[in-house]
Amino acid sequence: MKSKKNTACCGIYCPDCIHYKNKYSVYALLLKEHLIEINFDKYAKIKSPFGEQFQKYDEFEEVLNALAGTECNWACRVGGGCSGVPCKIMECCFSNEYEGCWDCPEVEGCDKFDFLAPRCGQMPKNNIRKIQKFGLQHWIEHRDNFYIWQK
Ligand code: SF4
Ligand code: SF4
């Protein structure tokens, strides 16, 4: 069942996630490899009237590495968590033998969702309420936007 496969234990619908099968990681990796090949780090470290911005190259490399390393080619349930790492919600569901938090009587008061709020607001719990109402096969068209900046 495709809808179940793409629905994480926390109520997130993975195909809406910015990391899901993203292109930016591919481009970032290509750029990273190219910059290493031409020793751009050495060029950037030497003070010069050309490209003063390159003095921040270390910070740029850090971001570039993060972009290259956050690809997620599988939905959470299939891939074993975000980029393959299970979160505390997933671990809790599996330890309770729940298919997802929609099976849990504690979901309304559960604080394990707090780390998702800065980017996703109340989306995960809102989605869980939709799953409880419409069922795992028919809830997707009723889901919330993934990120708080999406209308
Ligand atoms: S597993 Fe996590 S990072 Fe990957 S697509 Fe789903 S929500 Fe996004
Ligand atoms: S306590 Fe319930 S709602 Fe909270 S993470 Fe565990 S299974 Fe999900």
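**Loops, cores and a ligand shell**

N39 is partly exposed, with a relative accessible area of 39%; on this scale buried means under 20%, exposed over 50%, and partly exposed in between, computed with a 1.4 Å probe on protein chains only. The structure is a predicted model, in which local features need pLDDT of at least 70 and side-chain atom pairs count only at pLDDT 80 or more, while totals for chains, interfaces and linings use all residues. Residues are numbered from 1 along each chain as its sequence is written, chains are lettered from A and ligands numbered from 1 in the order in which they are written, and side-chain values use heavy atoms, with hydrogens and water left out.

N39 sits in the loop between α2 and α3 (40–45). Helices here are DSSP runs of H or I with at least four residues, strands are runs of E with at least two, and both are numbered from the N terminus. The phi of N39 is positive, about 55°, although N39 is not a glycine. Most residues other than glycine have a negative phi. E97 is another non-glycine residue with a positive phi, of about 60°. The place of E97 is the loop between α6 and α7, and E97 is exposed at 74% relative accessibility.

The chain is assigned domain 1 (2–16 + 86–142) and domain 2 (24–69); these bounds come from an automatic or database domain assignment. The C-alpha centres of the two domains lie 38 Å apart. H138, in the segment after α8, is exposed with a relative accessibility of 52%. Between H138 and V63 there are 75 residues in sequence and 38 Å in space, C-alpha to C-alpha.

The largest nonpolar core has 27 residues, and C10, I12, C101, F113 and F146 have the most contacts inside it. Such a core is a set of buried Ala, Val, Leu, Ile, Met, Phe, Trp, Tyr and Cys residues joined through side-chain atoms within 4.5 Å. Two or more of its residues come from each of α6 (88–95) and α8 (123–134). Another core, of seven residues, lies apart from it and includes F40, A44, L64 and A68. Setting aside residues up to four places away in sequence, F146 touches I12, Y13, D16, C17, R119, C120 and M123, where contact means heavy atoms within 4.5 Å.

T7 lies in the loop between α1 (2–6) and α2 (24–37) and is buried, at 1% relative accessible area. Its contacts beyond four places in sequence are I12, Y13, R77, W102, I131, L136 and W139. The side chains of T7 and W139 are also joined by a polar contact of 3.3 Å. A polar contact is a pair of N or O atoms within 3.5 Å; within protein, one must be able to donate a hydrogen and the other to accept it, and residues adjacent in sequence count only if both atoms are side-chain atoms.

N127 belongs to helix α8 and is buried at 1% relative accessibility. P118, in helix α7 (residues 117–120), is exposed, with a relative accessible area of 59%.

Ligand 2 is surrounded by C92, C93, Y98, C101, C104, V107, C110, K112 and F113; a residue is near a molecule if one of its heavy atoms lies within 4 Å of it. This shell divides into eight nonpolar residues, no polar and one charged. Ala, Val, Leu, Ile, Met, Phe, Trp, Tyr, Cys and Pro count as nonpolar, Asp, Glu, Lys and Arg as charged, and the others, Gly among them, as polar.
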